[in-house]
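Grab a pencil and get the structure turning on your screen.

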Amino acid sequence: PEPDLPPLVVSRAWVDEILATLPELPEAKRERYIESWGLRPTDAAILAEERLVAHFFEETVAAYGENDAKPQRIANWITGELFRLLKAGDIEIQEAKVAPSALADLIAMVEKGTITSDSGRKVLAEMFASGKTAGEIVAERGLAQISDEAALAEIIAQILRENEDEVTAYRAGNEKLKGWFVGQVMRATRGQANPALVNRLLAEQLSA
C-alpha cells in the first residue's frame, strides 16, 4: 500500500475494453489460420509472422473467397511464387506491384482452367514487373488455355495419323508412349491445351 496514492481499482470491463483495442498477435493469427482456414502449420506460421504479409494474405483470401480450401492454395502462391519474386527483387510485400485482388484474380484464372499453372507463374512474374492485371497479360499474349473439345480432338487425331508406328506400339502394350503423345499435343498447342482434357481425349482415341 502507498499512503500518498488512492487505491487503483481495475475492473474486468476496463481490461476487456483495452484488450479489444489490441491487434491480433502472430500466435493467435497462426492458430486462426490453422483452425478456421485449414492451413498447414508451417504456412500459417510464415504468413502470420509479419503483419504486412498477414494483411496481404487475408486481403487476397477476402478478394477470392474462403470456400473449397482456397486459403491454402492462396498461401501456396504467396509463400512460393510471390515470395520468390520478392526475394529476387529485394523488396518488401507492400512495395510489390501486385495487389491482393490482382493475385486473387490470377489464382481464379488458374483454378477455373482459363490458363495453366505454368502460364500462371509466367503471368505473375509479368504482373510483378509491369503492374498489369492477369487478364490484360493473358489477352495480350494469347495464353488462354484451350478447352475446346472438338478442336483438341482434331489436333489429337492429326498427331495420331502422323505417328502410326507409335500408335501401333502403344496399342501393342507400350503404354509409356501416352506421355509422349501428350507432349506432342502440348507442343502443337504451345502448351495451352487443357491437360486433363488432353489425357481423356487421347485415351479415347488410342483405345478406339
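## Exercise 1: a ring pair

Decide whether F181 is buried or exposed.

Step 1. F181 has 0% relative accessibility, so F181 counts as buried (under 20% relative accessible area is buried, over 50% exposed and in between partly exposed, with a 1.4 Å probe and protein chains only).

A word on the ground rules: this is a predicted model, where local features need pLDDT of at least 70 and side-chain atom pairs count only at pLDDT 80 or more, while totals for chains, interfaces and linings use all residues. Residues are numbered from 1 along each chain as its sequence is written, and side-chain values use heavy atoms, leaving out hydrogens and water.

Step 2. Now look at W180: with 32% relative accessibility, W180 counts as partly exposed.

## Exercise 2: the aromatic pairs

Find out how the rings of Y33 and W37 are arranged.

Step 1. Searching the whole structure turns up four aromatic pairs. Rings of Phe, Tyr and Trp (its six-membered ring) pair if their centres lie within 6.5 Å; planes under 30 degrees apart are stacked, over 60 edge-to-face, and the rest tilted.

Step 2. For Y33 and W37, the ring centres are 5.5 Å apart and the planes meet at 5°, so this pair is stacked.

Step 3. Both belong to helix α2 (residues 26-37), and because they are four residues apart, about one helical turn separates them. Helices here are DSSP runs (H or I, at least four residues), numbered from the N terminus.

Step 4. Y33 and W37 are both buried.

Step 5. Compare W180 and F181: their ring centres are 5.2 Å apart with planes at 70°, so that pair is edge-to-face.

## Exercise 3: a helix with a buried side

Work out which residues of helix α3 are buried.

Step 1. In α3 (residues 41-49), the buried ones are D43, A44, L47 and A48.

Step 2. Look down the axis of α3: its buried residues fall within an arc of 120°, so they line one face of the helix (the arc is that of the directions from the helix axis to the C-beta atoms).

Step 3. Turned away from that buried side is a face with the exposed residues T42 and E49.

Step 4. The cover over the buried residues of α3 includes α2, α4 (51-64) and α5 (70-89), with contact meaning heavy atoms within 4.5 Å.

Terms used
Helices (H or I, at least four residues) and strands (E, at least two) are DSSP runs, numbered from the N terminus.
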